[in-house]
2 protein chains.
Amino acid sequence: MALLGLDLGGTKLALAVFAGNGIILRQETVPLGNRKGPEIGILINDQVDVMLKWAENEGNRIISAGISVPGISYVEKGTVWAPNLQGWNDFPLKKEVSRVLGDIPVTIDSDRACSILGESWKGNARGCKDAIFLAVGTGIGAGIMIDVKVLRGSNDIAGAIGWMALDRPFNDRYTECGCFEYHASGEGIGKVARDLLKRYKDYNGDLRKKPVNEITAHDVFEAYGEGDPLATSVLNQGIEFWGMSVANLVSLFNPEKIIFGGGVFGPAIPLLPAIKAEALKWAQPVSINQVKFEASALAGDAAVTGAGYLALKSLENV
Amino acid sequence: MALLGLDLGGTKLALAVFAGNGIILRQETVPLGNRKGPEIGILINDQVDVMLKWAENEGNRIISAGISVPGISYVEKGTVWAPNLQGWNDFPLKKEVSRVLGDIPVTIDSDRACSILGESWKGNARGCKDAIFLAVGTGIGAGIMIDVKVLRGSNDIAGAIGWMALDRPFNDRYTECGCFEYHASGEGIGKVARDLLKRYKDYNGDLRKKPVNEITAHDVFEAYGEGDPLATSVLNQGIEFWGMSVANLVSLFNPEKIIFGGGVFGPAIPLLPAIKAEALKWAQPVSINQVKFEASALAGDAAVTGAGYLALKSLENV
């Protein structure tokens, strides 16, 4: 028997076929291109069909599937809200994918939930009962595992940590995405750098090599590596926000581990000791001295691995 | 059969005997006086003994007990850390109280956990699966119920919301009690008012009727009721902190209800609409529009009622 995991992102779809022990038997990634609404559903079904047939041919029939989505999975309705996929305000993914899956059960959850499940199954949260995956990429979210179960909340929207209030007073610019995400997501890091570049005309360092409006978080991390003062200032502010946010997770949840992932962690992993030092100032003092901070073991594969785990777990519930 | 609930506070001990349906059959409160360490244990045992004998005489034998403590209950060790009780750094409460309870089972939990359990059994969280009790008194804590279970964390310290980081940069004055508690607990409200009184020599309102160093949160609420501008400014800042903190609870937990209790809510209950308006600016927009804000239905009895519920629930686990 085999399990199918899908990780639908904002720009690409990753698929993996797992053996029951979690070994990846085959893995594919396809770009979404300009697809929107039902076209994305059709792409998913085409790719799932390829995997089903391949596995069947290998004598390893897929008996369960899991899907990670970049937004909210409304479990009861089987629909998905994904703000970065056009036409996915309430997309009936469960029904759509059942056209090709037939009787094979499918479980759908958010990318943040899948990421902590992936780390719990095959990564750095193995053996933990209480662990949190902090995903900092274009946006920011948290997958929160309590007593080996993912926190969903009363309407499947728990873990929306990008909205965390960390810097008073309120600023209208937080309305679109939340205070924490505004300042410290990948987008946020780029934006803070561009704001500083416009303000400090005298600065003449690495970040002047490109037009201001093309500067991204990637450029900031590169310049930081060279000791650039403006990049250092931007990332010192990032360290402050990341430290405060994880301090709040530690004080509220008293977890065993916080795992850092997403596109920013990545290059921000060497900053973990500085983030821990910042968190140490703010957090409940007993909890912060018990928690471990670690990088994701699975990096880009955390969500697809968690999707595979969803597939495995749904079999236990039958 | 009857159940015994105890609520040990920083200055007094409350006891209640409950019928199985939650009706209070007898209720007592005794001051701790200057007792410390084991003397508090002796007071508890004396009072428990009185209740056991009374219930026996009434033909209503106590078959289970629960205790709410003002700190952390280390479940596995049966010990309690209570910062406001001298000599209770690791007090063996379970063992001590068993001297008088004998074979009657006893369950011990924190006042914040007991408060949400009390509201869930007999108050405003009845019928909720996911609800949070925000207790703002001398200190600040949160009792967090997820899927009808209290969040404990990996070492029984979850819900330490007084440590929530809300106002950068870090200030050394947060080291003792946490940023949120520093600004917005009962103690904090008094302190902010005293600081302003020292700074604004020109102010000549209601809060000048007492020496500055005697001004407490109680005085601030009284002056606020009279429209005093300095008290208004202090409580507007309180509204901002309370709004940000509950916004963060809403974004992370996506609860059905937040219940406000403790000595400050109380007089701050009329501020709930303003707190909701502040939270609305910061929180995940779908979650904040689903959550309800309510006052505690049980006020000072929330924790002792939750202790009674601990006693009831432990019977189900036998």
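Colleague: How many residue pairs are in polar contact between chain B and chain A?

Modeller: This is a predicted model, in which local features need pLDDT of at least 70, side-chain atom pairs count only at pLDDT 80 or more, and totals for chains, interfaces and linings use all residues. Residues are numbered from 1 along each chain as its sequence is written, chains are lettered from A and ligands numbered from 1 in the order in which they are written, and side-chain values use heavy atoms, with hydrogens and water left out. A polar contact is a pair of N or O atoms within 3.5 Å; within protein, one must be able to donate a hydrogen and the other to accept it, and residues adjacent in sequence count only if both atoms are side-chain atoms. Between chain B and chain A, with both residues at pLDDT 80 or more, the count is 22 residue pairs.

Colleague: Which helix of chain B gives the most residues to the side that touches chain A?

Modeller: Helices (H or I, at least four residues) and strands (E, at least two) are DSSP runs, numbered from the N terminus. Strand 9 (140-146), helix 7 (229-253), helix 8 (272-282) and helix 9 (285-290) of chain B each supply at least two residues to that side. With nine residues, the element that gives the most is helix 7 of chain B.

Colleague: What is the area buried between chain B and chain A?

Modeller: Buried area is the accessible area (1.4 Å probe) that two parts lose on being put together, summed over both. Carbon and sulfur atoms give 60% of the area here. The total buried between chain B and chain A is about 4000 Å².

Colleague: With which residue does Asp167(B) form a salt bridge?

Modeller: A salt bridge requires a side-chain nitrogen of Lys or Arg within 4 Å of a carboxyl oxygen of Asp or Glu. The rule finds six across the interface of chain B and chain A. For Asp167(B), the closest N and O atoms are 3.2 Å apart, and the partner is Arg168(A).

Colleague: Is Gln47(A) buried or exposed?

Modeller: Gln47(A) lies in helix 1 (residues 38-57) of chain A. Leaving out residues up to four places away in sequence, Gln47(A) touches Leu13(A), Leu15(A) and Val30(A), where contact means heavy atoms within 4.5 Å. Buried means under 20% relative accessible area, exposed over 50%, and partly exposed in between (1.4 Å probe, protein chains only). The relative accessibility of Gln47(A) is 17%, so this residue counts as buried.
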